[in-house]
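Subject: Handing over a structure

Dear colleague,

I am passing this structure on to you, as you have not worked with it before.

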Amino acid sequence: MREEQIERYQKGTHRLGRIVSVITLILLVGAPFAIGGVLGAYPDLSAVAKGFLSVGLVWTVSSVVEFLVYTPMLGAGGGYLAFITGNLINMKIPCAVNARDIAGTETGTPENEIISTLSIATSSLVTILVLALGVLLLVPLQPVLQSETLQPAFANVVPALFGAMAYKYYRKNLKLALAPLLLMSVLFILVPSLTGSTSFMIIPAGGLTILLAWLAWKKGRKAAA
Amino acid sequence: MNMLSQLNSAPVYLICGGIVAFVALVCVIFMVRAWRAGRAIGMDPAKMKRVITFSATFTVLPAVGILLGVIALSGALGTPWPWLRLSVIGALHYETQVAQAAAEQVGMKTLSAAEMTPQGFATIALLMSLCILWGMVLSVFFNKSYLKKLGGKKKEPGKGPGFGDTAMTAMFIGLVSAYLGSYLGGFASGNGMFAFAGDWKPLLVAAVSALVMAGFTWLSEKKNMAWLEGFSVAGSMLIGMLAAVIA
């Protein structure tokens, strides 16, 4: 009975996820043409092609990596939603990972799939709501949000997020965290220009940490056998 | 009507707002389905409510940060388009970079309303859309088969916990390490190699935020204040960000 319900839910999630993703794709690619119609001029497709070759390819590679890395973390429902709503690294991934910890679910289980979907859907709705309210109140809010005093706070949202996350994850995995932290610090100190490509540096950092975790896990299993 | 007024006109708001509303509806549908499925397989509703509360409080501050991205881009692209981009699919670090690169492709020196033309805008908007939609395209074609492949290897009974959870935690530790390393590198060599004269605020903010998180964890684990857990990340971030204002 339970297995049947889970299978039905997952089948429905994939069907719905694919349908809404395709509709969103059409809407997002169609919007510049629709707005172009309002403005009286359509996109210059040769400039789009040239631009895509110069900046788009890098982001395409990044998208493939994001898909391969984050889909297993998010599951089906969370995955479809996260790729539709965006802001993965700075919001959806930390949100879903923490939600998993709060609920105590295990990656790859139906429970985790449900927790991840609830988390990403809530996070996306709150973002949509905050941005909609912000846009609605743009004129009165602008002086507050752009005040000189508050600028350092808003410029440091991501460091604040990763500081809190670092404590949460390092305290239980200090030995594991040491090597990637050291390696990344040395790399960024010796090649400061890399700070502009931090999102790409996640790949070697994550790869190294997974390798070290795998070696430790393998050793633990051998010892337990 | 000047260019910025055209970009902020009612029809443009209607097009962008319509897409945002569609995505909001999609989120509600996924949420209701997940809630019902959770109840059907016997998940604790209190646990699911805690996840929803946590996710909502966690999101508010980063969302305000994203709103600043909307404001920053609205000077050149009008308000509706950045609003759409950052509500749906976009990412804060991506939008400005691609918008700037796209502006160069249409012959603009800088991304600004003064140089913007209707065709320039439509071209920039299309390029911004095309560059970042591949995650969604891959999801349409491969989400199901990829997850099936990963889930296909069933855990052998009595063999202890699988590697899946450890791998996810390790990936996240790698992600956090990359960012912390970049803050340290920015401070140590951002203004000349080993000059230690670069931007130190991200380091300070991360340290304060981590300390406050330690305090929240202590209260929630040692003082039986488990309810604090749902607010700990948002609270730590807020105090960390305040440190940047005071410093």
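This is a predicted model: local features need pLDDT of at least 70, side-chain atom pairs count only at pLDDT 80 or more; totals for chains, interfaces and linings use all residues.

Residues are numbered from 1 along each chain as its sequence is written, and chains are lettered from A and ligands numbered from 1 in the order in which they are written.

Between the two chains, 132 residues of chain B are in contact with 137 residues of chain A, where contact means that the C-beta atoms of two residues, placed from the backbone, lie within 7 Å. On the side of chain B that touches chain A, the residues divide into 94 nonpolar, 32 polar and 6 charged; here Ala, Val, Leu, Ile, Met, Phe, Trp, Tyr, Cys and Pro count as nonpolar, Asp, Glu, Lys and Arg as charged, and the others, Gly among them, as polar. The element that gives the most to this side of chain B is α8(B), with 25 residues; helices are DSSP runs of H or I with at least four residues, strands are runs of E with at least two, and both are numbered from the N terminus.

One helix pair joins the chains: the axes of α1 (residues 2–39) of chain A and α6 (residues 118–132) of chain B come within 8 Å and cross at roughly 175°. The axes are lines fitted to C-alpha atoms, for helices over the stretch in contact, and the angles run from 0 to 180 degrees between N-to-C directions. α1(A) and α6(B) are therefore roughly antiparallel, given that angles over 145 degrees count as roughly antiparallel, under 35 as roughly parallel, 65 to 115 as roughly perpendicular and the rest as oblique. The residues of their contact divide into 11 nonpolar, 2 polar and no charged.

Within chain B, helix α8 (residues 164–189) and helix α9 (residues 201–222) have axes that come within 8 Å and cross at roughly 140°, so that α8(B) and α9(B) are oblique to each other. Their contact is made by Leu180(B), Tyr183(B), Leu184(B), Gly186(B) and Phe187(B) of α8(B), together with Pro202(B), Leu203(B) and Ala206(B) of α9(B), and these residues divide into 7 nonpolar, 1 polar and no charged.

Helix α10 (residues 229–246) of chain B has 18 residues and reaches 26 Å from its first C-alpha to its last, close to the 26 Å expected, the expected span being 1.5 Å times one less than the number of residues. Among its buried residues are Val233(B), Met237(B) and Met241(B), and what covers the buried residues of α10(B) includes α3 (88–103) of chain A and α9 of chain B.

Finally, two residues stand out by their backbone. Most residues other than glycine have a negative phi. Asn87(A), however, has a positive phi of about 50°, and lies in the loop between α2 (45–85) and α3 of chain A. Phe194(B), in the loop between α8 and α9 of chain B, has a positive phi near 55°. Asn87(A) is buried, with 28 other C-beta atoms within 10 Å, whereas Phe194(B) is exposed, with 9; a residue is buried if 20 or more other C-beta atoms, placed from the backbone, lie within 10 Å of its own, exposed if 12 or fewer, and partly exposed in between.

With best wishes
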